[in-house]
Amino acid sequence: MKGQPCRIVFPRVSDALDQDEEWIFVERGGRMQKIRLHNYGDIYRIPGLYEELFYKKLGCDSPNVVCGLLDRAMKRHGGPDSLRALDFGAGNGMVSEKLSELRHCEFLVGIDILKEAKEAAERDRPGLYDHYWVMDLARLDEFNRKRLQSYRFNTLVTVAALGFNDIPTRAFLNAFNLVPKGSWIAFNIRDKFLREDDRSGYRNALDRLQDSCFQILEQTDYCHRRSITGRKLCYRAIVGQKTAEADIEDLFEKRCVRST
Ligand SMILES: C[S@@+](CC[C@H](N)C(=O)[O-])C[C@H]1O[C@@H](n2cnc3c(N)ncnc32)[C@H](O)[C@@H]1O
């Protein structure tokens, strides 16, 4: 990837930093910049930094694991010949790139809340997406709902984007309802958001989805990446099929799900 070369410097920090508190120094053109790892806008602005940091230095393997699991599930359980996929929390396009290597993709749409993500995807992987929308699905209006539903998706993929003040449960559930019944859903999530003491709302949301409208077909626990101090960050990749519409308002009204 072209651009001014940069050097990543890891700070000496204790193990106490949570995943969304981690930060690094980036040296570029004689300047040192402190960047928080979850400050994706700053990272996407520097060509190649996202790949160098998360994939080369910290060993992130999630696009491979989640897309590989989806491919395996589709082979085992009879998936579509051709994908019409919504890549939600698409970033600079690494997930869709992997998906296109594994399966025939006739139509790919990316959605991210950051304009820097769309700009980076267009810069780093031009022509990958049929459409890339910068949008907040937690506040989905009727115009965009209808437009996105008209794309007749058969697959929803969300990698490394749930929890940690990234994609909130309401936005994920809205994305779930943008794809029709029978669609394939593939995502990953940090192990702590699946535990009984989870405060993010995801544990409850996923339990309720499984009770009513989502059948898990394949899942695996794995190391998403290392922390900057070398700790393994454990995630679960999940692939399944949507069996009915989610009654989102009912879930929130009955306080089954928190909206954070
Ligand atoms: C760690 S990146 C993952 C990007 C890509 N899926 C990948 O695996 O390389 C998380 C992405 O989620 C996006 N994101 C965070 N909150 C979001 C939201 N509420 N709606 C849409 N995207 C969001 C971020 O902007 C960021 O691009």
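Biologist: What volume does the largest pocket have?
Modeller: The largest pocket has a volume of about 670 Å³. That volume is the space filled by probe spheres set on grid points, which are joined across faces, edges and corners. A pocket is an open set of points, on a 1 Å grid over the protein atoms alone, where a 1.4 Å probe fits, with protein on both sides within 12 Å along at least five of seven lines.

Biologist: Before I go on, what sort of model is this?
Modeller: This is a predicted model, in which local features need pLDDT of at least 70 and side-chain atom pairs count only at pLDDT 80 or more, while totals for chains, interfaces and linings use all residues. Residues are numbered from 1 along each chain as its sequence is written, and side-chain values use heavy atoms, leaving out hydrogens and water.

Biologist: Thanks! How many residues line that pocket, and which lie nearest its centre?
Modeller: The lining has 42 residues, and Tyr40, Asp112, Ala160, Ala161 and Asp166 lie nearest the centre. A lining residue has an atom within 4 Å of a point.

Biologist: And which elements give two or more residues to the lining?
Modeller: Those are α1 (40–44), α2 (49–57), β4 (82–88), α4, β5 (104–112) and β9 (214–226). These labels come from DSSP runs numbered from the N terminus: helices are H or I with at least four residues, strands are E with at least two.

Biologist: How does the lining divide by class?
Modeller: There are 26 nonpolar, ten polar and six charged residues in the lining. Ala, Val, Leu, Ile, Met, Phe, Trp, Tyr, Cys and Pro count as nonpolar, Asp, Glu, Lys and Arg as charged, and the others, Gly among them, as polar.

Biologist: Let's turn to α4. At what angle do α3 and α4 pack?
Modeller: Helix α3 (residues 62–77) and helix α4 (residues 94–102) pack at an angle of about 40°, and their axes are 9 Å apart. Axes are lines fitted to C-alpha atoms, for helices over the stretch in contact, and angles run from 0 to 180 degrees between N-to-C directions.

Biologist: Is the crossing left-handed or right-handed?
Modeller: α3 passes α4 in a right-handed crossing. Right-handed says that the near helix is turned clockwise from the far one by less than a right angle, and left-handed that it is turned anticlockwise.

Biologist: Which residues make the contact?
Modeller: From α3 come Pro63, Asn64, Cys67, Gly68, Leu70 and Asp71, and from α4 come Met94, Val95, Lys98, Leu99 and Leu102. Contact here has heavy atoms within 4.5 Å. Seven of the residues in this contact are nonpolar, two polar and two charged.

Biologist: Which residues of α4 are buried?
Modeller: Met94, Val95, Ser96, Lys98 and Leu99 are buried in α4. Buried is under 20% relative accessible area, exposed over 50%, and partly exposed in between, with a 1.4 Å probe and protein chains only. The buried residues of α4 pack against α2, α3, β4, β5 and β7 (155–158).

Biologist: New topic: what is phi of phenylalanine 164?
Modeller: Phi of phenylalanine 164 is near 55°, a positive value in a residue other than glycine. Phenylalanine 164 is in the loop between β7 and α7 (169–176). Asparagine 165 also has a positive phi, near 60°, and is in the loop between β7 and α7.

Biologist: Last one: what does cysteine 234 touch?
Modeller: Cysteine 234, in strand β10 (residues 232–242), touches Arg190, Asp191 and Tyr222, not counting residues up to four places away in sequence. Cysteine 234 is partly exposed, at 31% relative accessibility.
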